[in-house]
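Let's take a walk through a protein fold together.

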Amino acid sequence: MQYPYDISVVIPLFNEEESLPELVRWIKRVMHAHEFSYEVILVDDGSTDRSWEVVTDLSEEDNAVKGISFNRNYGKSAALNEGFRRSAGEVVITMDADLQDSPEEIPALYDMIKNQKYDLVSGWKKKRFDPASKTIPTKLFNAATRKLSGIQLHDFNCGLKAYRQLVVKSIEVHGEMHRYIPVIAKWNGFTKIGEKVVQHQERKYGTTKFGLERFIYGFLDLLSITFVSRFKKRPMHFFGTLGTLMFVVGLGITIWLILQKVFQLYANGHARDIVSQPLFYLSLVAVILGVQLFLAGFLAEMISLGANRKNEYLIRGRVGSIQK
């Protein structure tokens, strides 16, 4: 299949007016040095500074630069998802707009996708310039993701990644799921996932846009993506199994209590009332929860069969000849 470009560089941004001109010039130097055909897609995630004006100016100066502007801040996942939809390159490279990711890594990442046949390559910032308050939670987050996903990457959240075009057209990211694109890709059948040590640079302009709360949200999203990946198309397998198990346990306890009372009446002529025993109420709760979980699985199954929802974001402007 013939692609319009060798490389599409997708860059989500939020209030990065100072770094954008330098970043685009740097990318241009690297691309021209290696004779790549390319496009740069800058996705402005509702910036409140002059970022969109800068993107517009850069696009007028260089037709390889294209821009999308959201009407409000939707988050990095939304920006990446929209950039993926519009990309037309054989290999798609993502990087952050803050100059902490080096465009000099692009040729090697391209080679791993194009010639070494990886589906996805994630950068690993082995040496970081971030404070301990950020690096320690990141290490814990990465360890938990490796354990749950089975993907042996050191840095899931590195913004510098390379993808085969088919991968980005086959996945959809929303919420805070950008951290788990390798996990989403794996569950979609793209299992050749590699890693490359990349250079991490100190932030030159502005301040970080992320706080510690992202690690809490990140862990919750990890549980969510793990569940959805495994049971999205068969929710009854999860809810139905739990519901059936709880129903059987509750029913079994109830039968045992009844048989115990019958035996005591036969042996002693008197027995304790079943309803006066706490175990009876626990069994009753188990039966009720079992039925509810089973019904939840049935409803989820019906919803999944009819669901065809796609992410839609309100876009206030586009610049450059961008794929629709």
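Is aspartate 44 buried or exposed? Before we settle that, a word on what you're looking at: this is a predicted model, where local features need pLDDT of at least 70 and side-chain atom pairs count only at pLDDT 80 or more, while totals for chains, interfaces and linings use all residues. Residues are numbered from 1 along each chain as its sequence is written, and side-chain values use heavy atoms, with hydrogens and water left out.

Now the reply: aspartate 44 is buried, with a relative accessible area of 0%. (Buried means under 20% relative accessible area, exposed over 50%, and partly exposed in between, using a 1.4 Å probe and protein chains only.) This aspartate 44 sits in strand E2. Setting aside residues up to four places away in sequence, aspartate 44 touches Leu13, Ser51, Trp52, Ile68, Ser69, Phe70 and Arg316; contact here means heavy atoms within 4.5 Å.

Next, zoom out to the sheet. Helices (H or I, at least four residues) and strands (E, at least two) are DSSP runs numbered from the N terminus, and two strands pair if DSSP finds at least two bridges between them. Here eight strands form an open sheet with mixed pairing, in the order E7-E5-E6-E4-E1-E2-E3-E8. Strands E7 (193–197) and E8 (315–319) are at the edges with a single partner strand each, so one side of each has no neighbour in the sheet.

Look at strand E6 (residues 161–164) for some pairing up close. Strand E4 (residues 89–94) runs antiparallel to E6, and four bridges join them. Isoleucine 93 has alanine 162 as its bridge partner in E6, and threonine 94 has lysine 161. Strand E5 (residues 120–124) also pairs with E6 in the antiparallel sense, over three bridges; there, serine 122 is partnered by lysine 161.

What about the helices? Helix H1 (residues 20–33) lies across strands E1 (5–13), E2 (38–44) and E3 (65–70). H1 runs at about 160° to E2, with axes fitted to C-alpha atoms (for helices over the stretch in contact) and angles from 0 to 180 degrees between N-to-C directions.

Finally, the largest nonpolar core has 37 residues, and Ile7, Val9, Ile11, Ile27 and Leu42 have the most contacts inside it. (Such a core is a set of buried Ala, Val, Leu, Ile, Met, Phe, Trp, Tyr and Cys residues joined through side-chain atoms within 4.5 Å.) H1 gives the most to this core, with seven residues.
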